[in-house]
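Have the structure open as you read.

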Amino acid sequence: MPDQTFTVNGETVTVDAPDDLPLLWVLRDLLGIRGPKYGCGIDVCKACTSHLDGEAFNPCATPVAAVAGRSVTTIEGLADGDRLHPVQEAWLEQDVAQCGFCQPGQIMAAVALLKRTSEPTDAEIDEIANVCRCGTYVRIREAIKAAAARM
Amino acid sequence: MTENAEHAESVEHTEPAELAEGAERTELAESVERTEPAELAASSERTEAAEPAEPAASAERPGVGRRRFLALLVAAPTLTVAVQLDPQAAPAAPLPELPDLGDVLNLAALPTSHLLTLKVAEDGTVDFWLPREEVGQGLTTAVAMLVAEELDTPLEKVRVHLDKARPELVFNQLTGSSNSIRSLYDPVRTAAAAARQRLAWAAALQWGTDPERVTTRDGRAHLADGRSASYGELARAASSDRAAEQPVALKPRAAHRLIGRPTSRIDARALVTGKQQYTLDLDIPGAKPAMVRRPPTLRGTVRRVRNAAAVEALPGVLAVATIPTGVAVVAETFGQALAGKEALDVEWGPGPVDELDDETLRAKLRGAVAHGFPPLLGRHLDAEFDFAPVSHAPLETNCAVADVRDARATVWAPAQSPIAARKAVADAIGLPDALVELHVVQAGGSFGRRLFHDAAIEAAQVSKAVRRPVRLMWSRIDDMRHGRMRPPTHHKLRATYAAGAPLSFRHRMASVAMDVRHGFGDALTAGLTGLPLLGEATAQVMFALSLRSPYDLGATRQTLTELPVALPTGSWRSVYSGTGRAAEEMFVDELAERLGQDPVAFRRARLKTAAQRAVLDKAAGGWGRELPEGWAQGVGFHEEYKSRTACVVDLDATDPKAPRVMRAVIAVDAGRAVNPRGIEAQMLGGLTDAIATTLRAGLHLDKGLPLEGSYSQFHYARQRNSPYEVQVHVLDGGPEAEPGGIGELGVPAPVAAIANAYARATGRRPRSFPIDARIDFEPFPR
């Protein structure tokens with residue numbers, strides 16, 4: 001099997017994996033990076049949302065070969081050591097998480113949105129399609145607005 | 001209209017006293033947040049001395065007037081306390097006059113309530129083993145608050161562990177029926193209060209003084225002369241080398257500094273950093289990913305695998321194994337297990353419902369109550385409602401880790417009924433129960449799904465077959481199509497009335513039989529009779545204990561008819577009430593209209609208690625406000641689990657094909673509100689469930705299988721369906737209130753509020769849910 005080399009959370013990694021293996025399983029099963037979650041495998045629930053070169057993407061529907069030489073950031077790479085990202089801080093303040101399974105993806109989606117626009121409108125927040133089965137959307141919206149104000 | 005207006009007016013004037021009482025209720029969420037932390041800390045200080053401000057007599061005896069719990073010191077190197085029911089103080093009345101599901105479950109759990117354990121370590125950490133499951137409802141946080149409150153220690157010092165399956169707990173390790181805090185409130189506080197008193201005693205011994213002179217605060221014991229010691233320093237001295245009773249007095253409510261204060265989740269940081277470990281995040285050495293190929297129809301069977309060798313030769317695939325529910329592929333990664341399972345060529349046998357589709361099912365349900373009501377000449381209102389089956393669809397799909405080797409089994413799973421799970425695993429792999437260990441792992445959502453342990457059974461079967469530990473995961477498609485579902489239901493309602501007032505109310509509910517074989521039925525029947533009940537009888541008991549009308553509508557009767565159809569059903573958040581009570585709340589709107597009365601005023605006049613009316617009044621504060629063209633308000637009310645809630649929504653139905661809830665006001669009285677912030681979260685979750693299942697989310701059955709296979713097809717609500725503004729008012733249940741249940745309370749009222757708003761906005765009363773049941777997708781291959 002070919003070697004796949006890319007950067008994840010600032011560290012260069014090389015794994016032995018077939019080109020078409022979805023990146024999610026390379027992260028979770030070969031590298032032990034288990035913050036990104038499986039929820040559908042077809043890029044509709046968005047639970048695995050992470051960043052590829054700074055933009056939101058979904059590793060469950062991205063073959064590992066497609067990230068060769070590129071930079072992947074997962075929820076584990078968002079905080080600066082013990083210092084949380086302002087979006088994570090806002091999540092704590094609003095006490096957003098219930099079961100929490102979708103929240104790494106929700107947070108990464110929110111961070112990507114705030115990179116694109118520093119003051120997102122309600123309509124722009126509506127476009128985040130990540131499923132939260134516990135129904136925390138109201139607090140997610142408040143947390144995104146609070147993080148925007150803070151940043 | 002004149003007559004109606006008068007009627008409404010007379011209602012407003014009949015109960016000034018009760019109105020005043022309602023107005024006095026304080027709003028915890030707001031008032032508590034304004035309290036300064038310093039003040040709260042000060043009020044937390046307590047002394048053992050009988051000070052005038054807080055005489056010992058005012059301290060609450062555990063379970064006075066209800067049932068009494070005893071605390072025992074356990075022989076251990078550091079302070080360890082266990083709690084048991086006081087055998088001398090059997091409850092005077094085993095059940096209240098009108099028991100609900102939780103009362104009965106509490107009674108079943110009573111004999112084993114003594115097996116709660118709390119330990120104080122030498123670093124001051126407090127460990128508490130919780131015989132329940134955390135599924136996102138915030139239970140570990142609420143329990144940690146109870147412990148920290150009675151121990152006078154910071155919340156951060158308390159660690160709550162999910163207990164593994166402990167068969168000796170019998171009926172006291174079941175998470176369901178919104179009953180956990182109701183059942184744990186007294187025993188958990190008793191354990192912590194006993195530990196605090198023993199620590200104060202140890203400090204007094206050390207300082208050569210009277211224990212009454214020792215105060216406790218922030219995890220330390222203090223003496224007036226300035227001496228102090230941390231709980232960690234006292235933990236060894238406070239320990240006991242033999243079992244002994246420890247007298248306990250619980251804090252009086254006025255001294256609570258943490259209970260009642262909006263508190264964030266204790267696991268919030270782990271949840272937002274990706275560090276929280278769910279079942280498949282656990283590092284179990286050597287455990288390999290496993291997935292199961294399932295039949296093309298529900299509960300079909302495996303006849304033969306045609307290409308096992310070819311699949312075993314695929315990259316990364318380690319083994320193929322047939323189990324009763326399908327064919328498993330074990331691989332190095334889940335990606336490869338999934339590719340392997342899709343490559344399998346299997347000859348399938350039929351299942352029990354291969355021909356079943358929506359139309360047949362609907363006809364059966366309607367047929368079951370077709371002769372429900374006789375023709376009637378007098379004034380009456382009839383209505384019928386249908387609810388589609390709904391997937392639990394927790395975001396974490398069905399999963400478990402199992403290691404079955406050397407005639408022993410260890411299983412890790414999100415399990416709400418771990419004792420039953422352990423037994424089912426043992427039976428499935430032919431081991432004695434005693435050789436199976438089942439660890440309970442925090443779940444990525446449940447909504448009732450984790451009452452079933454099918455993934456644990458499968459993981460054990462696969463591990464046994466391939467002789468290595470496995471991490472078994474269901475694909476989303478399988479989770480939705482082969483998983484459990486809320487049974488589809490049909491409802492027939494009738495009210496008779498005369499002179500503007502209802503005389504009688506009947507509700508006949510037909511449902512596909514709900515599977516309650518998960519330990520729940522055993523607990524229920526033990527609580528009621530000590531005798532086993534058969535499946536259908538269990539369902540009847542559950543129905544009778546849960547579906548209650550809060551209104552005086554004259555002679556009232558609600559009945560359930562269950563159809564034995566072999567669908568994989570299960571209780572779904574709020575169980576019978578999510579459909580049954582929601583249908584009743586829609587019917588109440590229709591009845592009010594028929595009688596020419598306003599829906600809020602009609603409810604207000606018919607509710608039975610001041611507490612109910614206070615909740616309705618709070619939620620309906622903005623009732624009748626001006627809204628844009630095409631919008632309307634709707635109201636719903638629900639009472640269950642000793643809690644009550646009302647909801648008013650503003651619905652934008654400008655495009656009747658794409659309605660959206662724009663605003664919601666929810667009031668909730670959950671008795672003694674342990675954590676108002678957690679209660680608010682549960683109400684927000686119930687609202688979102690209501691938005692999804694009322695407007696757009698339902699399953700379609702076709703040729704023995706749901707068509708829906710992912711969130712792109714089963715339309716659970718997303719951010720774009722969620723309101724821009726929600727207010728949740730947490731009311732205080734009054735000084736004598738005990739905690740009510742909250743996890744499932746929040747669904748029925750908003751389901752009805754949304755449907756009622758839709759009717760008012762469009763002029764069309766919805767009869768079938770979800771309102772928009774279009775199939776807008778190409779189903780996945782079977």
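## Chain B at a glance

Chain B comes to 22 helices and 32 strands; helices here are DSSP runs of H or I with at least four residues, strands are runs of E with at least two, and both are numbered from the N terminus. This is a predicted model, where local features need pLDDT of at least 70, side-chain atom pairs count only at pLDDT 80 or more, and totals for chains, interfaces and linings use all residues. Residues are numbered from 1 along each chain as its sequence is written, while chains are lettered from A and ligands numbered from 1 in the order in which they are written.

Of the 782 residues in chain B, 57% are buried. Buried means that 20 or more other C-beta atoms lie within 10 Å of a residue's own, exposed means 12 or fewer, and partly exposed is in between, with C-beta atoms placed from the backbone. If you take contacts in chain B between residues at least 6 apart in sequence, 79% of them join residues at least 24 apart. A contact means C-beta atoms, placed from the backbone, within 7 Å of each other.

## The nonpolar core

The largest nonpolar core has 269 residues. A core of this kind is a set of buried Ala, Val, Leu, Ile, Met, Phe, Trp, Tyr and Cys residues joined through C-beta atoms within 7 Å. Those with the most contacts inside it are B:Val147, B:Val411, B:Val425, B:Ala456 and B:Ile754. Helix H7 (residues 180-207) of chain B gives the most to this core, at 13 residues. As for B:Ile754, its contacts beyond four places in sequence include B:Gly634, B:Val649, B:Ala690 and B:Leu695.

## Two helices crossing

Helix H6 (residues 139-151) of chain B meets H7(B), with axes that come within 7 Å and cross at roughly 35°. The axes are lines fitted to C-alpha atoms, for helices over the stretch in contact, and angles run from 0 to 180 degrees between N-to-C directions. On the H6(B) side, the residues making the contact include B:Val143 and B:Val147, and on the H7(B) side they include B:Leu184 and B:Val188. By class, this contact has 13 nonpolar, one polar and three charged residues. Here Ala, Val, Leu, Ile, Met, Phe, Trp, Tyr, Cys and Pro count as nonpolar, Asp, Glu, Lys and Arg as charged, and the others, Gly among them, as polar.

## Chain A and its two domains

Chain A is assigned domain 1 (3-77) and domain 2 (86-150), with bounds that come from an automatic or database domain assignment. Their C-alpha centres lie 21 Å apart. The contact takes 15 residues from domain 1 of chain A and twelve residues from domain 2 of chain A. On the domain 1 side, strand S3 (50-52) and strand S4 (55-57) of chain A are the elements that give two or more residues. That side divides into six nonpolar, six polar and three charged residues.

## Where the chains meet

In the contact between the chains, 47 residues of chain B touch 49 residues of chain A. Helix H9 (268-273), helix H11 (334-343) and helix H21 (676-695) of chain B each give two or more residues to the chain B side, and the largest share, seven residues, comes from H21(B). This side has 21 nonpolar, 16 polar and ten charged residues.

Over in chain A, helix H1 (residues 23-30) is mostly covered, with seven of its eight residues buried. Those residues, A:Trp25 and A:Arg28 among them, pack against strand S1 (3-8) and strand S2 (11-16) of chain A as well as strand S11 (288-293) and H11 of chain B. Then there's A:Arg139, in helix H5 (residues 137-150) of chain A. A:Arg139 counts as buried because it has 23 C-beta neighbours inside 10 Å. Its contacts beyond four places in sequence are A:Gln94, A:Asp95, A:Val96 and B:Leu684.

Most residues other than glycine have a negative phi, and most peptide bonds are trans. B:Ser574 has a positive phi of about 80°, and B:Val575 has a positive phi near 45°. B:Ser574 is found in the loop between strand S25 (555-563) and helix H18 (580-594) of chain B, and B:Val575 lies in the loop between S25 and H18 too. B:Ser574 is buried, with 30 other C-beta atoms within 10 Å, and B:Val575 is buried with 27.

One more to check on screen: a cis peptide bond joins B:Phe769 and B:Pro770, with omega about 5°. B:Pro770 sits in the segment after strand S32 (768-769) of chain B.

Methods. Contact = placed C-beta atoms within 7 Å.
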